[in-house]
Amino acid sequence: MAHCITSSVLDIFRIGPGPSSSHTIGPMCAARNFMLNAASMDRSKLSRAKRVVVDLYGSLALTGKGHGTDRAIAAGLFGQEPETCDIDFMHSLLRDPKVGYDIPFADGKIRLEASAIVMHRRERNPYRFANAMKFTVADGEGASLYEEVWYSVGGGAIERDCGDESEGDFAQPCEVPYRYRDWGTFLRLSGKYGLSPAEIAIENEKEIAGCTEEDVRVRIRRILDAMNDSVERGLSVVGTLPGPLRLERRAEHVRRLADDASGEFGLLARLDAYALAAAEENAAGNRVVTAPTGGASGLFAGVVHFLRNDRNVPQGKLEDALLVAGVIGTIAKNNASISGAEVGCQGEVGVASCMAAAMIACTDGLLPELVGVAAEIAMEHHLGLTCDPVDGYVQIPCIERNAVGACTAFNAAMLARLSTPGKQKVTLDEAFAAMLETGRGMNAKFRETALGGLAACALCD
């Protein structure tokens, strides 16, 4: 089968700092990889290496300051990794534009100045992907000694430009037990072999990672716990989020009001509070889990927290449901996009709601076909969603959008439960195709550039 998916479905869930996986997690990884590669260049060049320069293009340049891209790159140059990085150290970097840093490099040090991270806001992007980064090691006169170009391709994944070929987070083709390219072929595998979607995903994960089922489940538990932690932290903090918008955190207040309410209003209000909490943690640049991106991390984490704490869904069922949600997110990434810079927020919050709807449907015990129906409904009704962050910060409309998307996921799962198998007119794969086509036709000012939509029309004084 051509173009079958052989990457880990758990790679859609990356633990790392917010507020945008494309702007923080991806660039941090790219910067770290660059330094490791550059340290292997010829010794005659190493002895002349004095400075590191970073050129940013596309939305990395247009919204990089508001998204913390410069600090994430600086932390990556220091060797920090997203899942284990010192969040306080990262936040401390580049606060004073006059302060430079001596970064360990090979057997010595190399200098990073704040002015050496250049955001090309007006220049045409000369590279083939919207979120492009050029890293350079230079001598004392500024002459280049070693260069690499990297792309942040969505959800924290990166890809190095190597001319005709690229390398990065995409797995090399491997022989997996169950080969599929989209949701339709995945469902056929489930019916043909009499296996649940989670069982198929587990068997493939074991082969991809060369590990046992328990190893896979340990990784899933770490992801679920990190999501839960992001919600709990967000519910315990009050105050103002960083940036010029002076936006106040609301999750703790909404949670208190929800606890005093009853019935369906109280339940929905708690779900809103959970999604807001993790989204606010993301906006503050703290540790979250991409699902499929940082900007949409509050939606999925909020649903997970709700299922775990309010619905008391058993741990094993949560783990299986997360695997299926990962399959759907990975299909969206491979066949369409999860990058706001490429297709707008329909690829971020839209896919997150789609994944969350599938997870809810799984925990409700719906047939695999109806799990896909739930996902399709959520995706269909996010088509055309723009990415237009006010002032380039992942706050307005991003934080509330996570809460609305979480509620949409539950409604989509409810509609799927009320549906008749085989009667749905639009498939999930068709919805992903529509999302990609819509994104390609979307004006660039609505794709994470903060040049249109709310970013241009909302004063937010």
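Modeller: A salt bridge here is a side-chain nitrogen of Lys or Arg within 4 Å of a carboxyl oxygen of Asp or Glu. The model is predicted, with local features needing pLDDT of at least 70 and side-chain atom pairs counting only at pLDDT 80 or more, while totals for chains, interfaces and linings use all residues. Residues are numbered from 1 along each chain as its sequence is written, and side-chain values use heavy atoms, with hydrogens and water left out.

Arg 417 and Asp 364 meet through their side chains in a salt bridge of 2.7 Å, N to O. This pair links distant parts of the chain, 53 residues apart: Arg 417 is in helix 17 (residues 398–417), and Asp 364 is in the loop between helix 15 (349–363) and helix 16 (368–380). Helices (H or I, at least four residues) and strands (E, at least two) are DSSP runs, numbered from the N terminus. Arg 417 counts as partly exposed at 44% relative accessibility, and Asp 364 is partly exposed at 27%. For these classes, buried means under 20% relative accessible area, exposed over 50%, and partly exposed in between (1.4 Å probe, protein chains only).

Across the whole structure, a search finds 27 salt bridges. One of them joins Arg 160 to Glu 148, with the closest N and O atoms 3.5 Å apart. In the salt bridge between Asp 70 and Lys 65, the closest N and O atoms are 2.9 Å apart. There, Asp 70 is buried at 5% relative accessible area, whereas Lys 65 is partly exposed at 48%. A network of salt bridges links Glu 213, Glu 214, Arg 217, Arg 221, Glu 319 and Asp 320.

Next, the rings. Rings of Phe, Tyr and Trp (its six-membered ring) pair if their centres lie within 6.5 Å; planes under 30 degrees apart count as stacked, over 60 as edge-to-face and the rest as tilted. The count by this rule is 12 aromatic pairs. Phe 78 and Phe 89 make an edge-to-face pair, 5.4 Å centre to centre with 85° between the planes. Phe 78 sits in the loop between helix 5 (69–77) and helix 6 (87–92) and Phe 89 in helix 6, so the pair ties together parts 11 residues apart in sequence. Phe 78 is partly exposed at 26% relative accessibility, as is Phe 89 at 27%. Trp 183 and Phe 186 have ring centres 5.4 Å apart and planes at 20°, so this pair is stacked. Trp 183 and Phe 186 are three residues apart in helix 7 (residues 183–193), about one helical turn. Trp 183 is buried at 4% relative accessible area, and Phe 186 is buried at 0%.

One aromatic cluster is formed by Phe 34, Phe 135 and Tyr 146. Phe 34 is among the buried residues of helix 1, which include Ile 25, Met 28 and Met 35.

Lastly, Asn 282 is found in helix 11 (residues 263–283) and is buried, with a relative accessible area of 1%. Leaving out residues up to four places away in sequence, Asn 282 touches (heavy atoms within 4.5 Å) Gly 18, Pro 19, Ser 20, Val 288, Gly 294, Gly 295, Ser 297 and Val 394.
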